[in-house]
There are 2 protein chains.
Amino acid sequence: MSTFGIVGAGAIGSGWAVRTLAAGRDVVATDHAPGAEAKLRAAVDRAWPAARRLGLLPGADPARLRWVDDAAAVAVAASFVQECVPERESVKREVLAKLDAAAPPQVVIASSSSGLLPTRLQADCSHPERIVVGHPFNPVYLLPLVEVVAGERTSPATVAAATATYRALGMHPLVVRREVEGYVADRLQEALWREALWLVTRGVATPAEIDEAIVYGPGLRWAGMGPAAVFHLAGGDGGMAHALDHFGPGLDLPWTDLPPPPMTDELRAALVDATAGTPPAELRDDYLLAVMQALRPAGLGGGRTVAEHEGRRLAATAPSRWQPGDQVPAPLELYRCRVEPEWVDYNLHMGESFYLFAFGWASDALFRYVGIDEGYREAGHSFYTAESHITYRREAASGDPLRFTTQVLAVDEKRLHLFHAMLDDDGDEIATTEQMLLHVDTGSGRTTPTLPGTQRALEAIAAAHAALPRPTDAGRVIGTRR
Amino acid sequence: MSTFGIVGAGAIGSGWAVRTLAAGRDVVATDHAPGAEAKLRAAVDRAWPAARRLGLLPGADPARLRWVDDAAAVAVAASFVQECVPERESVKREVLAKLDAAAPPQVVIASSSSGLLPTRLQADCSHPERIVVGHPFNPVYLLPLVEVVAGERTSPATVAAATATYRALGMHPLVVRREVEGYVADRLQEALWREALWLVTRGVATPAEIDEAIVYGPGLRWAGMGPAAVFHLAGGDGGMAHALDHFGPGLDLPWTDLPPPPMTDELRAALVDATAGTPPAELRDDYLLAVMQALRPAGLGGGRTVAEHEGRRLAATAPSRWQPGDQVPAPLELYRCRVEPEWVDYNLHMGESFYLFAFGWASDALFRYVGIDEGYREAGHSFYTAESHITYRREAASGDPLRFTTQVLAVDEKRLHLFHAMLDDDGDEIATTEQMLLHVDTGSGRTTPTLPGTQRALEAIAAAHAALPRPTDAGRVIGTRR
């Protein structure tokens, strides 16, 4: 595929390099700052794992980045040039004029400017029709948005070519209808940021609290729905039209220092008409849950709240912990649940991996019973599963109640051999699993003896379960005729 | 636990009902609108699955919602009352005064107002010290944010009690330092919305394009990091201080009609100091990827872009279906993927059930290779797994690349005995699975012969794989010393 040219290798330029290399393109780049090539290659290496996780296209290879001496060399080597020099009109105009003088006229030259007017940027070029703004967002290799803004002399063919190029890179090009300083997204961000600065100035909230007010609330929504869709949903059955009529006067409240535009019939109609394709409200819950779950590993915003809530829930529902002298039921029954809607596959039955997922919760209940909780794990110990054997007897459908019996088959200082049965309400087996777990030091990943309190509890269970019959599914070999 | 009172059962009131019932509370509610009780109960039923997915606390039960005739009855039954009547000061003041007259003085009365001044809301109460604003965000049962705003006469004890109550409901209370109309989050949203209205008015973007400009860009960031954290990251190594010095003049650009506050030394210091706890930039990539993946099932914003990109990637890399006469690779290599963020457990490693989940996709790739696709299944046939044996060798972390080799050990007319290995980039084994699958008539659930084309393909694979060494993990019995 054709070569992508980059002039200016700061955060934006290196972001473009990662995105284009990940799309399997040849890339040629330059920047006159000292050490710029080494910095760019280091930045590409740093971001490459994230780009890989997003999905590389065939041929993607950081080695396909070629460094050249100056902008003119980029202009002759590339079929599409992205200018990424500092955000000063005079600097950008000079570089764009250089590129324009050197590049064949069919080469599109896009500026990464975040707010300058393309009509002014193209003013010094002899082929202004191929100059366009393509404004990306940090990190360029992950965020899909790129604003495409034409100047007065930009040709429609250039806009079409830039849009197609960006789409092939996995981006979401947004063609801005009329050039204004700051285009669309940055004007919206800037309005919010100015209000934030006023709130800090007036002592209403600290910057950290401003961030909390976004990430635990509106920000979660904005990850999936924009302000118009959110406003439309707030209108209930009446949608945007009702929301405008109901909340419309709110626009006159002293809620920001930004004067609202007059609510003309035309503006109202434009807003209402735009809601035709809004996804149904039910989808909102699905994606908000998914986004909050997605934010859990990073411990950010709603993900943190959800994790804390889960901790409280587990603490509140945990079976009591075994104490020396306690009778151990044989078998143990420590866990119940229902088949969750998202465990169900295209056959409308619980997917095979979710049997094991549910068995994992039964193991978790056993762990709590023997004293393995967050504290035990934070101190650097845990049981890891070395081997699982699952026997599937029956299907289970969404909402079906499940209960679990647990039998400890054997235990030594580092190993736990256990057996769970998954039963329906009548006590009939839906599935069983036999598992071997190893007690590990989670820091080193090596096996290590179980801590004494937990070891005593496991031995008490093994002793109480010694008299139970061995489950017929235990010790199975796959492939033996039954 | 104590009873939670709700007055006003529209979208906000019913949202509070779901959140409090899901937390295992008794709830007493009223609303004088005709049919309000039936509407509320229907709204609770609709939202209950989402609340369940977020995690119910013990005792959670929609049946614990009790309907009473008027606000006074709520006031005497509840230990905490949440007022949710329409957003008009006169209406709210009247209801709050009624509640204040009827409730014992230790009962906290919170208003769900989204912008009115609590000092004015508490003006007609004889116990104004227990009146406070607790402003939630739609949907109340999912979004964590609740702004706690005190009036001039609200006691610190009331703020503390409201904050504790909301936290126990799984919310993130934000205490607003000084009462202003619109508080914090709605002022920020309103500033953005006013700018959006100007952009629509001026023909720069349609409302749908405004939404695109948010959800494909800044909105993805705002799900996990607020504007101050984003600005701090934009400053690179120099952080917020550098960003303010570098972009500071940008505040004077004509980018919104909202005048910026003067950048005093105090404001600058407050902004820079607030960045101390900002998560590292590396986390940003992790959560942006996870959020975009989380938005995929709903087909929203960045999730849609990622899915489309994945489609292009799969089309570029998909194995073709086996045709008679084709050479069969031994073993087959039909599937690659990455460890998804949501496959990772509290140990930050891939959860044991997700090994099996990923193996399921490897089986799916084998199915497609032998002609089992949506059409085959819709015609009433499928392979069901009867037994799986997994051997876990190594951990895998979020984002790790996985590839799979597949060996057919045996096949007869109704059974498929197969073996997958999950490998890392260097070809080292992460896990293996041995599985016995049965070919079933999905209507009756009974085994039935595999259809001829697929049977021929499976036999061709088995023949090609007959010469492969039998995997050492095949035929394992758990508990045998290695």
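1. In which order do the ten strands of the open sheet run? The order is β9(A)-β11(A)-β12(A)-β13(A)-β10(A)-β10(B)-β13(B)-β12(B)-β11(B)-β9(B), and the pairing is antiparallel. Strands here are DSSP runs of E with at least two residues, helices are runs of H or I with at least four residues, and both are numbered from the N terminus. Two strands pair if DSSP finds at least two bridges between them. β9 of chain A and β9 (332–338) of chain B are the edge strands, each pairing on one side only. On average, neighbouring strands of this sheet are turned by 25° against each other, direction ignored.

2. A note on the basis of these points. This is a predicted model, in which local features need pLDDT of at least 70 and side-chain atom pairs count only at pLDDT 80 or more, while totals for chains, interfaces and linings use all residues. Residues are numbered from 1 along each chain as its sequence is written, chains are lettered from A in the order in which they are written, and side-chain values use heavy atoms, with hydrogens and water left out.

3. Within the sheet, β11 (residues 401–411) and β12 (residues 415–423) of chain B pair in the antiparallel sense over eight bridges. Ala410(B) stands opposite His417(B) in β12(B).

4. Two helices that pack on the sheet can be described next. Helix α17 (residues 452–465) of chain A touches β9, β10 (381–392), β11 (401–411) and β12 (415–423) of chain A, and the direction of α17 makes about 100° with that of β11(A). Helix α15 (residues 352–369) of chain B touches strands of both chains: β10 and β13 (429–441) of chain A, together with β9, β10 (381–392), β11, β12 and β13 (429–441) of chain B. The direction of α15 makes about 120° with that of β12(B). Axes are lines fitted to C-alpha atoms, for helices over the stretch in contact, and angles run from 0 to 180 degrees between N-to-C directions.

5. The contact between the chains takes 158 residues from chain A and 162 residues from chain B, where contact means heavy atoms within 4.5 Å. About 15400 Å² is buried between chain A and chain B, and carbon and sulfur atoms give 65% of this area. Buried area is the accessible area (1.4 Å probe) that two parts lose on being put together, summed over both.

6. Seven salt bridges are counted between chain A and chain B. A salt bridge is a side-chain nitrogen of Lys or Arg within 4 Å of a carboxyl oxygen of Asp or Glu. Arg177(A) and Glu209(B) meet in a salt bridge through their side chains (2.8 Å, N to O).

7. Chain A has 17 helices and 13 strands. Of its 482 residues, 57% count as buried, meaning under 20% relative accessible area (1.4 Å probe, protein chains only).

8. Some backbone details deserve a check. Most residues other than glycine have a negative phi, and most peptide bonds are trans. The peptide bond from Ala330(A) to Pro331(A) is cis, with omega near -5°; Pro331(A) is in the loop between α14 (301–317) and β9 (332–338) of chain A. The bond from Asn138(B) to Pro139(B) is cis, with omega near -10°.

9. Tyr183(A) has a positive phi near 55° and lies in the loop between β8 (172–176) and α7 (185–201) of chain A. Tyr183(A) is buried, with a relative accessible area of 0%.

Conventions. Buried means under 20% relative accessible area, exposed over 50%, partly exposed in between (1.4 Å probe, protein chains only).
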